[in-house]
Amino acid sequence: MQVKEILRVKGNRLLSIEPGGRAVDAVKTMADQNLGSLVVMEQGRMTGMLTFHELLAAVAKRGGSLGDVQVGDIMVRDPVTAAPDMEVYDLRRTMLDTGARYLPVMADGKLLAVISFRDVAKAVLEEQDFENKMLKGYIKNWPA
């Protein structure tokens with residue numbers, strides 16, 4: 001299974017914020033939209049990623065308040081990315097090796113979507129369930 005197959009099911013809904021945006025506004029957007037990450041965009045290109053991890057670290061560092069912290073001050077610059085033709089096995093390995101829970105999916109320098117570890121887990125589980133049903137059907141119908 002490839003990343004593009006997961007995206008076909010998941011869709012490519014993208015929400016973004018600018019590096020000059022306030023971190024508290026990012027928190028509100030992420031909470032309202034039930035997202036764990038936002039793509040940081042500037043002049044039509046991705047400049048970073050902001051996840052709940054960076055936000056929590058910023059809150060902890062500042063004694064429980066984000067104040068007027070800007071997204072650009074806490075975002076991950078040059079995040080690891082995935083490609084649409086990347087195999088899910090390689091994607092999982094990349095996510096585990098880098099600790100990234102969210103990866104932007106890029107093709108020819110264009111941002112297509114963001115894929116989460118949950119998206120990957122769900123796709124793998126569904127694929128395994130399908131294979132399991134097929135194998136059970138094959139075994140059940142095996143000539144005696």
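The legends below describe close-up views of a predicted model.

**View 1. The largest nonpolar core has 16 residues.** Within this core, V3, L91, L103, I115 and V120 touch the most other members. At least two residues of the core come from each of α1 (3-10), α5 (88-98), β5 (102-107), β6 (110-116) and α6 (117-140). Another core lies apart from it and has 14 residues, including I17, A58, L66 and I74.

**View 2. Surroundings of V3.** Neighbours within four places in sequence are left aside here; beyond them, V3 is in contact with A83, P84, M86, L91, V105 and I115. V3 and two of these partners, L91 and I115, are among the core members that touch the most others.

**View 3. R22 sits in the loop between β1 (16-17) and α2 (23-33).** R22 counts as partly exposed because its relative accessibility is 38%, a value between the limits of 20% and 50%. Leaving aside neighbours within four places in sequence, the contacts of R22 are I17, D68, V69 and V71. R93 is 71 residues away from R22 along the chain, and the C-alpha atoms of the two are separated by 33 Å.

**View 4. β1, α2 and β2 form a right-handed β-α-β unit.** The strands β1 and β2 pair in the parallel sense over two bridges. S16 has V39 in β2 as its bridge partner.

**View 5. Strand β2 (residues 37-42) and strand β3 (residues 45-51) pair in the antiparallel sense.** Six bridges join the two strands, and V40 stands opposite G48 in β3. The hairpin has two residues between the strands, and Q43 takes a positive phi near 50°. Strand β2 is mostly covered, with five of its six residues buried.

Notes
Residues numbered from 1 in each chain as written. Predicted model: local features only at pLDDT ≥ 70, side-chain atom pairs only at ≥ 80, totals over all residues. Heavy atoms only, no water. Core = buried A, V, L, I, M, F, W, Y, C linked by side-chain atoms within 4.5 Å. Buried < 20%, exposed > 50% of the residue type's maximum accessible area, 1.4 Å probe, protein only. Helix = DSSP H or I, 4+ residues; strand = E, 2+ residues; numbered from the N terminus. Contact = heavy atoms within 4.5 Å. Pairing = 2+ DSSP bridges. Right-handed = clockwise from strand over helix to strand, strands pointing away.
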